[in-house]
Amino acid sequence: MFQEKNLSKLIIFTPIVLIILVTTLVTYTQISHLETRFNKDSAKLKQKLIQEEKNKLAQKINGLDDYINYKQSTTKELLNRQIKKRVEIIYDVALNKYNTNTGIVSNEKIKKDLIEDLSQITFEHGTYYFVKEYKNNKIIPLLYPAKKEFVGKDISNVKDKEHQSFLQTCKKILKKSNEGFVEYLLHKQDLKIKDFNKISYIKRFEPFNWLIGYGKYKIDIENQIKSEVLNRVNLLKDNSNQTIFIYDKDFKNITNNYFSGYFVEELRKKVNENFKYKKYDKIYFFWTKNYEKLISYKFVKKWDWVIFSSIDLKNLENSIIEVLGTKKHEEDKFINYSIKIAFVVILFGSLLTLFLSKKIEMLFKEYKTNIESQKSALKNINATLESKVNDKTKQLEKLNLQLKEKVDIEVHKNRKKDQMLFNQSKMASMGEMIGNIAHQWRQPLSTISTAASGMSIKIDYNLATQEELKKDLKSIVDTTLYLSETIEDFRSFFKATKIKKRFCLEELIKKDLNIMHSSLKNHHIKVFKELEKIELYTIENELTQAILNILTNAKDALLEKVDNTKAKRYIFVKSYKKDEYVYIQIKDNAGGINKKIIDKVFEPYFTTKHQSQGTGIGLYMTREIIVKHLHGEIFAKNVEFKHQDEIYLGACFEIKLPVNKLT
């Protein structure tokens with residue numbers, strides 16, 4: 001038990017201890033926060049610098065890749081320009097020689113000199129001029145280094161598919177104009193086992209009806225461009241710590257710079273793995289162990305090259321340490337300053353607390369004296385209040401007992417009233433059902449009577465045959481079966497069961513309409529159905545009663561307000577499922593419910609019919625069944641709708657039920 005003599009010590013030392021704890025906690029939290037922020041800033045700075053280096057590597061690789069793409073895109077244009085220029089030069093030489101020597105020497109001499117001059121001219125990669133003469137529908141090569149065995153012979157019907165295709169293309173071009181480009185496949189002399197794309201430029205030399213041409217392989221110009229690109233890479237000088245390499249698809253270095261170190265094999269596997277996907281627009285990054293190097297690479301389309309660019313991260317780490325060292329020094333200064341401030345706060349707070357504690361102790365002693373004097377007075381007051389509280393408690397208990405008895409009496413009356421209303425509703429429904437039975441049975445009984453009397457007359461006059469008797473008897477049997485099915489439908493309605501079960505809503509509504517079929521038909525009421533196959537879990541009989549009440553209400557409204565000689569009588573029944581609820585809509589074209597009374601249609605004993613026609617409890621009990629027994633909702637409203645190009649107004653009752661209400 002805490003002793004009173006220790007209270008003064010507690011008042012003095014507790015605030016001092018609290019000040020020390022709070023100041024220490026605040027200082028520690030601030031220092032911890034600074035340390036955390038320093039670590040986060042360090043990580044962000046490192047990530048930022050690495051990202052900048054990544055961007056630099058990507059920029060350098062993309063620059064070289066753009067240069068390669070540009071060179072690739074200009075390959076054909078450059079090739080065309082070169083071969084056309086060479087053909088035009090030799091054409092001008094031939095024309096000048098012809099113009100100079102015509103009339104001086106024979107044409108045969110001029111031809112021979114031209115062929116000898118052209119045969120002496122060769123170019124890089126073994127390229128050459130070729131000359132063919134078109135004479136009397138024959139094509140005779142005069143200069144043809146690619147196939148020397150064809151020289152002087154007619155090759156217009158040569159069996160070689162490559163040459164035949166080449167000759168046909170030349171003919172088509174010369175028909176349109178006297179010059180043009182021809183693209184075709186041809187064996188390369190230094191690689192005879194493989195066909196290469198070749199482009200030639202041909203031009204007609206009209207004085208001799210010659211075709212002068214010069215061709216070049218695409219692969220030669222492509223190799224030339226590759227050589228230019230590699231020379232450009234080898235000549236690149238970079239003052240930074242970034243380096244560019246180019247390797248081929250077999251991971252062989254084709255530039256002066258190359259990789260060396262423990263990571264090369266792992267890098268090769270990674271490159272081969274990514275090469276399968278052929279993603280030429282993507283830049284890949286590779287980290288060596290311990291993050292010493294960052295290597296970026298990109299695949300070059302068409303050439304199967306890999307461009308590499310790498311950076312040594314040791315220098316980057318030194319930059320980070322240099323920047324963070326300054327921040328760390330500033331942080332240490334701030335921490336020392338915070339500790340000094342905390343010490344001053346503890347000292348000043350302790351002195352102030354000691355002074356205030358002495359004052360509080362003096363006040364406490366004064367209050368203690370006053371409290372002791374007031375205790376005796378409070379004891380007397382408490383005794384008086386306790387007596388009064390006991391008296392009031394007894395009065396409240398008596399009042400609560402009387403109130404409980406009155407509530408029980410009223411609850412019993414209400415239950416009795418609800419049971420009476422339910423019985424009245426059931427009796428009214430039974431009356432409706434008996435009327436429906438009468439309507440339903442009238443025609444079948446008439447059929448049986450007609451068949452029986454017909455059989456009697458035929459027997460009296462010996463007109464009946466065995467087949468006709470069997471036919472009439474079958475008609476009677478079929479009609480009695482129909483009557484049996486009908487009475488089963490009505491029996492299921494009168495079963496007083498409240499057991500929930502699963503059933504098909506479409507079949508239930510059809511059964512309800514079948515019960516009222518004869519009554520509706522006799523009153524010229526047409527029913528339109530729009531029903532979905534929905535499985536429902538609820539009390540089937542009570543839902544049947546509710547739907548029959550609404551259908552009966554719609555029928556009575558149509559009989560009262562719609563003259564079938566002037567207008568048509570319609571009832572529309574629709575069911576559908578939305579989310580976890582089932583909706584049943586029943587509407588008519590009887591003109592709707594008066595707006596002044598539409599909010600009262602579900603009240604007990606409220607009816608718009610004559611007292612002899614309605615009790616006013618049908619719709620009330622319908623709402624009681626839907627809301628209290630089936631845990632659903634029911635609404636009544638007036639709707640305007642279009643049917644068969646005519647506008648109608650009528651009352652619409654909508655029932656909303658949960659699909660799987662298991663309680």
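**Entry 1: a term to start with.** I count two residues as in contact when heavy atoms of theirs lie within 4.5 Å. With that settled, I looked up isoleucine 509, leaving out residues up to four places away in sequence. Its contacts are Leu531, Ile547, Val573, Ser575 and Ile584. I also noted that the model is predicted.

**Entry 2: the whole chain.** I stepped back for an overview. The protein has 663 residues, and buried ones make up 37% of them. I found 12 helices and 16 strands. Among contacts with a separation of 6 or more, 65% join residues 24 or more positions apart.

**Entry 3: the cores.** Which residues of the largest nonpolar core touch the most other members? I found Ile509, Leu543, Ile571 and Ile584, in a core of 43 residues. At least two residues of this core come from each of H9, strand E12 (535-539), helix H11 (540-561), strand E13 (569-578), strand E14 (581-588), helix H12 (618-629) and strand E16 (646-658). H11 gives the most, with 9 residues. Apart from this core lies another, of 22 residues, and its members include Leu114, Tyr129, Tyr201 and Tyr214.

**Entry 4: helix H11.** Of the 22 residues in H11, 18 are buried, so the helix is largely enclosed by the rest of the structure. I checked its length too: H11 reaches 32 Å from its first C-alpha to its last, close to the 32 Å expected at 1.5 Å a residue.

**Entry 5: glutamate 506.** I went back to helix H9 (residues 505-515), where glutamate 506 is found. Is glutamate 506 buried or exposed? Its relative accessibility is 10%, and buried means under 20%, so glutamate 506 counts as buried. Its side chain makes a polar contact with the side chain of lysine 533, at 3.0 Å. Leaving aside neighbours within four places in sequence, I listed Leu531, Glu532 and Lys533 as the contacts of glutamate 506.

**Entry 6: helix H3.** The buried residues of H3 are Ile110, Lys111, Asp113, Leu114, Ile115 and Leu118. They pack against helix H2 (75-101) and against strands E1 (129-135), E2 (138-143) and E5 (210-217).

**Entry 7: strand E5.** How many residues of E5 are buried? I counted 8 of the 8, so E5 is largely enclosed by the rest of the structure. One side carries Trp210, Ile212, Tyr214 and Lys216, while the other carries Leu211, Gly213, Gly215 and Tyr217; both faces are covered. E5 pairs with E1 in the antiparallel sense over 5 bridges. Tryptophan 210 in E5 is the bridge partner of glutamate 133.

**Entry 8: what the record says.** I turned to UniProt, whose unreviewed entry lists "transmembrane region" for residues 12-31 and 337-356. In the model, residues 337-356 are 100% helix and 0% strand, with end C-alpha atoms 28 Å apart. The UniProt annotation "coiled-coil region", also from an unreviewed entry, covers residues 364-402. Over residues 364-402 I again read 100% helix and 0% strand, and the end C-alpha atoms are 52 Å apart.

Notes: Residues are numbered from 1 along each chain as its sequence is written. This is a predicted model: local features need pLDDT of at least 70, side-chain atom pairs count only at pLDDT 80 or more; totals for chains, interfaces and linings use all residues. Side-chain values use heavy atoms; hydrogens and water are left out. Buried means under 20% relative accessible area, exposed over 50%, partly exposed in between (1.4 Å probe, protein chains only). Helices (H or I, at least four residues) and strands (E, at least two) are DSSP runs, numbered from the N terminus. A polar contact is a pair of N or O atoms within 3.5 Å; within protein, one must be able to donate a hydrogen and the other to accept it, and residues adjacent in sequence count only if both atoms are side-chain atoms. UniProt positions are given in the numbering used here, feature names are shortened, and annotations may be inferred rather than shown by experiment. Two strands pair if DSSP finds at least two bridges between them. A nonpolar core is a set of buried Ala, Val, Leu, Ile, Met, Phe, Trp, Tyr and Cys residues joined through side-chain atoms within 4.5 Å. The expected span of a helix is 1.5 Å times one less than its number of residues.
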